[in-house]
Amino acid sequence: MDQTPVTYFPPATQRQLELNRERIRGKPYAHLFDERVTLPTRVLPALAAPMAPEHTLPLTPEALDSLLDPGYHAVENGYCALPDGTGYTASLVDFPGCTPEMFQWWFWWHIVESERYTLWYPHNHVRCVPRVTPSELSARFAENRFDGIALDVDEYIGPFFQAITIEVITPEQLGFDSSRFAQAGVAGAGCARVWLRRPRLAVCKMVHLVRETPRGFELRSRYWIAHSPALALGDVQLPLDALAWVGRGKRRKVARTMAYEQLLHDQIEFTHLATFLARAHAEFGACDGEQLARTLRSTLRA
């Protein structure tokens, strides 16, 4: 597959790359830190202009389950703002030579140490810390149960620094009929709600579907930006009626910008992960829950 080198980086992410270079020095996986990131050339037209809104996927059970039908949607890579001021991003990334098991392992392995997170996108990833105790992490790893974990993540989406919490939910909570996964060739699904941490504001819902292919697997992702926004006040969630106090034109402008940056970010980070996932798994995939717990315990003490 033809790849186009990414050569434009905002100053803040240029500085983050310098910091990440120093942070990862001496780590046993430092040789996997590769700042050369690329985009599949076939994706460039999708970044040149917004997709037609009629090709977006509503966040309904019926629409979600259409992702389990054979073939592809009319738009698998695209972004746009919708009339209600929300944003939408669709992204498809190929993982040749990789297996769904490797992808699943990656999400357990990288969350226990933020330096591992920087491998994924050396310019834009800053920090990833799970909101679980080391013993709970070990037990969850043994059960292979990722849903219910919340991750505090710091990263750049384009030039914008984001301090967010990713709350992992089940596919059923998002609206999928997971009984159809096996027949659809779906070997894994990651669904989540995304919150800003300060203020605690719901800003996105997303899904990653892992679908097996003859070459390995492909990752089909969808993001619904500013969908059903809510402000969390303690245990109470206050709906914000699509941020009604902000002018609709301004909301659409912000949504279009963030949907575009999300497509660019998704394509770069997952394309980059595909370049080293098999090597990382071959070298570090023999970890167990107790090893992950020890690393997390050390990270939390630091």
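The sulfur of Cys 128 lies 15 Å from the closest cysteine sulfur, that of Cys 287, which is too far for a bond; a disulfide is taken as a pair of cysteine sulfur atoms within 2.5 Å. Cys 128 is also buried, at a relative accessible area of 2%, where buried means under 20% relative accessible area, exposed over 50% and partly exposed in between (1.4 Å probe, protein chains only). Cys 191 is in no disulfide either, the nearest cysteine sulfur being that of Cys 204, 12 Å away. Cys 191 counts as buried, at 1% relative accessibility. Over the whole structure, the search finds zero disulfides.

This is a predicted model, in which local features need pLDDT of at least 70 and side-chain atom pairs count only at pLDDT 80 or more, while totals for chains, interfaces and linings use all residues. Residues are numbered from 1 along each chain as its sequence is written, and side-chain values use heavy atoms, with hydrogens and water left out.

In soluble globular proteins, nonpolar side chains tend to be buried together. A nonpolar core is here a set of buried Ala, Val, Leu, Ile, Met, Phe, Trp, Tyr and Cys residues joined through side-chain atoms within 4.5 Å. The largest has 65 residues, and Phe 95, Phe 103, Trp 106 and Leu 277 have the most contacts inside it. Apart from it lies another core, of 22 residues, including Leu 67 and Trp 224.

Beyond its neighbours within four places in sequence, Phe 103 is in contact (heavy atoms within 4.5 Å) with residues including Phe 95, Phe 270 and Leu 277.
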